[in-house]
Amino acid sequence: MALASDTPPAGVRQRIGLHTRLMRLVARPGFQRWAAAFPFTRSTAAKDGAELFDLVQGFVKSQALFALVDLRILHRLMDGPLTSGELAGPCRMSADRMDRLLRAGTAMRVLRRDRKGRYGLARKGAAMVGVPGLEDMIRHHAAFYRDLNDPVALLRGEVDTELSAFWPYVFGADNATDAETSSRYSDLMARSQEIVAADTLAAVSLAGIDRLLDIGGGYGVFAEAAALKHPDLNAVVFDLPAVRRNAEARLQSSTARDRLRFVAGSFRDDALPDGADAISLIRVLYDHQDSTVAALLGKVFDALPDGGRLIVSEPMSGGDRPEIAGDVYFSFYCLAMQTGTVRSAARIGAMCENAGFTDIRSYKSRRPYVTTVLTAVKPQTKPG
Ligand SMILES: CC(C)=CCC/C(C)=C/CC/C(C)=C/C=C/C(C)=C/C=C/C=C(C)/C=C/C=C(C)/C=C/C=C(C)/C=C/CC(C)(C)O
Ligand SMILES: C[S@@+](CC[C@H](N)C(=O)[O-])C[C@H]1O[C@@H](n2cnc3c(N)ncnc32)[C@H](O)[C@@H]1O
């Protein structure tokens, strides 16, 4: 039954269509009881119920995963299965509490329990250990979840978020005085870029490109991966001066170092290095508001030669068809960051088009929770 406060605002007339009538039926407890028992509807009712419960308990699962990561349980099991009693001491908790955590890990299928009651790694738990930066990413969710503590206030813009103060170290803000924090989070950014770089290079080929300019390229993980994959490619990483020392150290240690260079500057205030026939923006646009993105795309367009290519790669919204990683996790993450927003491939494509680009393509993503790739081309100017 709709409450007075649930009714549409004055002046809004809603048409009650067939779908809405059906949804009102589904909302009735009596219909739910009937559907749960009726042979043709009971499996859908059970499936919907289980999926709803999974949404309800999402935070609890994430926090149980956090505990497994924070206590390094996955690493402790790399040498073989252990009992809860054996894991309890080093983790400073009682055996029965440890057993509670290990059962949760087993139910979530990151661990498995053998007949003797010992716990070992399940396939997904083992995979987690190998995903670059994933465990640190999970640990840094402590700050994100504090920002999400009152999600309505966050949506209303009433929360002074922790995440917004967290990454400026990486963005090269002047207050990056805490060297230990700075390098810890910069490392997190660099490590998480490894899978983004791999998926970007799996989606698009850089064959035929002589010189790549990676704007906001951080420590150069993408530039290095591109150079290693394409032996004739030279790449320039353009990022804020605060990133220079660590980026140069990383690029210098690469076997492709002769083809990698760092140029310090801001895409807001400085000219972009010239001579690139392709420019990449990896996880850059979603950090910024529309006006900054429009100005950046315009600058990128001007810096490219005719026929030059733009590569955009970052987690994206599903647009007309909202999708779970882009429209839940990254959307709220960007909200907590307070500086930018997640955009759909269609929205980014339209912004590229406004900047003058043509031949805009987005690629079906293998892992939308890692990245989605879009390319565009600066058109050839017609002679005469
Ligand atoms: C051998 C046996 C037993 C069986 C054979 C079967 C077989 C071949 C199985 C395959 C097993 C396998 C290798 C699995 C691999 C799984 C992988 C690679 C999983 C990867 C998961 C990646 C995840 C979950 C990534 C998550 C990324 C996140 C959360 C990123 C967040 C990024 C953020 C917040 C960035 C912020 C940056 C800013 C500041 C907003 O710009
Ligand atoms: C989210 S990080 C992405 C880094 C890297 N491309 C990656 O995927 O890991 C955004 C990068 O943009 C850089 N950045 C932010 N503002 C910038 C600006 N005005 N000019 C140049 N780089 C900037 C930051 O320093 C940071 O390295």
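How do the residues of the shell around ligand 1 divide into nonpolar, polar and charged? I began my notebook with this point, keeping in mind that the structure I was looking at is a predicted model.

**Entry on ligand 1.** I found that the shell around ligand 1 is made up of nine nonpolar residues, one polar residue and three charged ones. In total 13 residues surround the ligand, and I noted the closest as Ala127, Val131, Met137, Trp167 and Arg283. When I looked up where the shell comes from, I saw that helix H8 (123-130), helix H9 (134-147) and helix H17 (324-337) each supply at least two of its residues.

**Entry on Val196.** Next I turned to Val196, which I located in helix H13, residues 179-203. I put Val196 down as buried because it has 23 C-beta neighbours inside 10 Å, and 20 or more are needed for that label. Setting aside neighbours within four places in sequence, I listed its contacts as Ile282, Arg283, Ser313, Val370 and Thr371. I also checked Phe262, which is 66 residues from Val196 in sequence and 20 Å away in space, C-alpha to C-alpha.

**Entry on strand S3.** Finally I followed strand S3, residues 211-215, where four of the five residues are buried. S3 runs parallel to strand S4 (residues 234-239), and five bridges join the two; within this pairing, I saw that Asp214 has Val237 as its bridge partner. Between S3 and S4 the chain passes through helix H14 (residues 221-229), and I recorded this β-α-β crossover as right-handed. S3 also pairs in the parallel sense with strand S6 (residues 278-282) over four bridges, and there I found Leu213 opposite Ile279.

Note on methods
Residues are numbered from 1 along each chain as its sequence is written. Chains are lettered from A and ligands numbered from 1 in the order in which they are written. This is a predicted model: local features need pLDDT of at least 70, side-chain atom pairs count only at pLDDT 80 or more; totals for chains, interfaces and linings use all residues. A residue is buried if 20 or more other C-beta atoms lie within 10 Å of its own, exposed if 12 or fewer, and partly exposed in between; C-beta atoms are placed from the backbone. Two residues are in contact if their C-beta atoms, placed from the backbone, lie within 7 Å. A residue is near a molecule or strand if its C-beta atom, placed from the backbone, lies within 6 Å of it. Ala, Val, Leu, Ile, Met, Phe, Trp, Tyr, Cys and Pro count as nonpolar, Asp, Glu, Lys and Arg as charged, and the others, Gly among them, as polar. Two strands pair if DSSP finds at least two bridges between them. A crossover is right-handed if, with the strands pointing away from the viewer, the path from the first strand over the helix to the second runs clockwise.
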